[in-house]
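Please look through the structure below with the sequence beside it.

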Amino acid sequence: MSQNQVIVLQAGYSHNDANEPNAMRANCSCTLIRCRDGSNIIVDTLTAWDGDQLKSLLAAQGLQPADINVVVCTHGHSDHIGCNYLFQEARLHIVGSCASNRDLYFEHAGALDAHGEVLVEQTPGHTLSCVSVVVHNTQLNGTVGICGDLFERRADIDDAQIWQAAGSEDEKRQAQERHRLAELCEHIVPGHGQMFALNAELRRKLRSCVETM
Ligand SMILES: [Zn+2]
């Protein structure tokens with residue numbers, strides 16, 4: 001493999017519940033990175049009820065939970081961490097800015113892969129400890145940002161109300177980080193929608209959102 005493979009195992013969603021006017025239905029985007037050094041990274045692990053589903057999504061890629069080397073949760077909300085328990089062979093679990101293995105907690109800095117192409121970056125906003133995974137040298141011939149709820153879905157670039165209503169601990173900072181990641185990446189995997197490609201128009205809108213905050 002000459003490039004890192006970014007595979008969205010399941011695209012996330014979020015919408016109002018059909019029956020409960022004050023309730024939401026949501027689950028996260030769950031993404032597999034098959035690094036060109038042979039290691040496997042999973043980003044955001046769905047809810048605690050999704051274990052069988054996640055195992056079958058991995059099986060479709062020829063993988064078992066024991067083949068995952070690193071787990072990254074973009075933040076600690078329940079729909080992003082639910083199946084971390086499946087990955088007990090992983091050398092590293094990262095949840096937001098917290099890194100651990102079993103009961104050992106430590107500082108983590110630097111790349112997740114041997115080539116220095118898969119990086120965890122602080123992207124505060126939705127929560128102050130949110131992180132994104134930035135993958136360079138991908139099969140999409142560009143850099144992919146796996147951003148959790150920094151972006152809810154592509155439509156939130158036109159309608160800021162979508163990401164703001166999903167909850168933001170610092171809206172101004174979140175707007176800045178959205179702009180920064182959009183300049184760094186060619187594709188974004190948002191927390192609750194399909195992967196999308198960036199273009200000049202979307203980047204212009206993200207820049208102007210920063211200026212209006
Ligand atoms: Zn979320």
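Where does Asp156 lie? In this predicted model, Asp156 is part of the loop that runs between β12 and α3, the latter spanning 160-165. Asp156 is buried, its relative accessible area being 0%. A polar atom of the Asp156 side chain is placed 2.7 Å from the backbone nitrogen of Glu152. Once neighbours within four places in sequence are left aside, the residues in contact with Asp156 are Phe151, Ile162, Trp163 and Arg178.

The loop between β12 and α3 also holds Asp149, a donor to the zinc ion. The zinc ion is coordinated by the OD of Asp149 together with the NE2 atoms of His80 and His192, at 2.0 to 2.2 Å. Along the sequence these donor residues follow the spacing H-x68-D-x42-H. His80 sits in helix α2 (residues 78-81), and the pair of His80 and Asp149, 69 residues apart, links distant parts of the chain. Both residues of this pair, His80 and Asp149, are buried.

The structure has one cavity of 30 Å³ or more, and the volume of the largest cavity is about 30 Å³. Its lining is made up of Ser29, Thr31, Val43, Asp44, Ile146, Gly148, Val189, Pro190 and Gly191. The elements that contribute two or more residues to this lining are β12 (144-148) and β13 (187-190). By residue type, the lining of the largest cavity splits into four nonpolar, four polar and one charged.

Key: Residues are numbered from 1 along each chain as its sequence is written. This is a predicted model: local features need pLDDT of at least 70, side-chain atom pairs count only at pLDDT 80 or more; totals for chains, interfaces and linings use all residues. Side-chain values use heavy atoms; hydrogens and water are left out. On a 1 Å grid over the protein atoms alone, a cavity is a set of points where a 1.4 Å probe fits but cannot get out, and a pocket is an open set with protein on both sides within 12 Å along at least five of seven lines; lining residues have an atom within 4 Å of a point. Grid points are joined across faces, edges and corners, and a volume is the space filled by probe spheres set on the points. Helices (H or I, at least four residues) and strands (E, at least two) are DSSP runs, numbered from the N terminus. Ala, Val, Leu, Ile, Met, Phe, Trp, Tyr, Cys and Pro count as nonpolar, Asp, Glu, Lys and Arg as charged, and the others, Gly among them, as polar. Buried means under 20% relative accessible area, exposed over 50%, partly exposed in between (1.4 Å probe, protein chains only). A polar contact is a pair of N or O atoms within 3.5 Å; within protein, one must be able to donate a hydrogen and the other to accept it, and residues adjacent in sequence count only if both atoms are side-chain atoms. Contact means heavy atoms within 4.5 Å. Donors are N, O and S atoms within 2.8 Å of the metal (3.2 Å for Na, K and Ca); water is not among the atoms, so sites may look incomplete.
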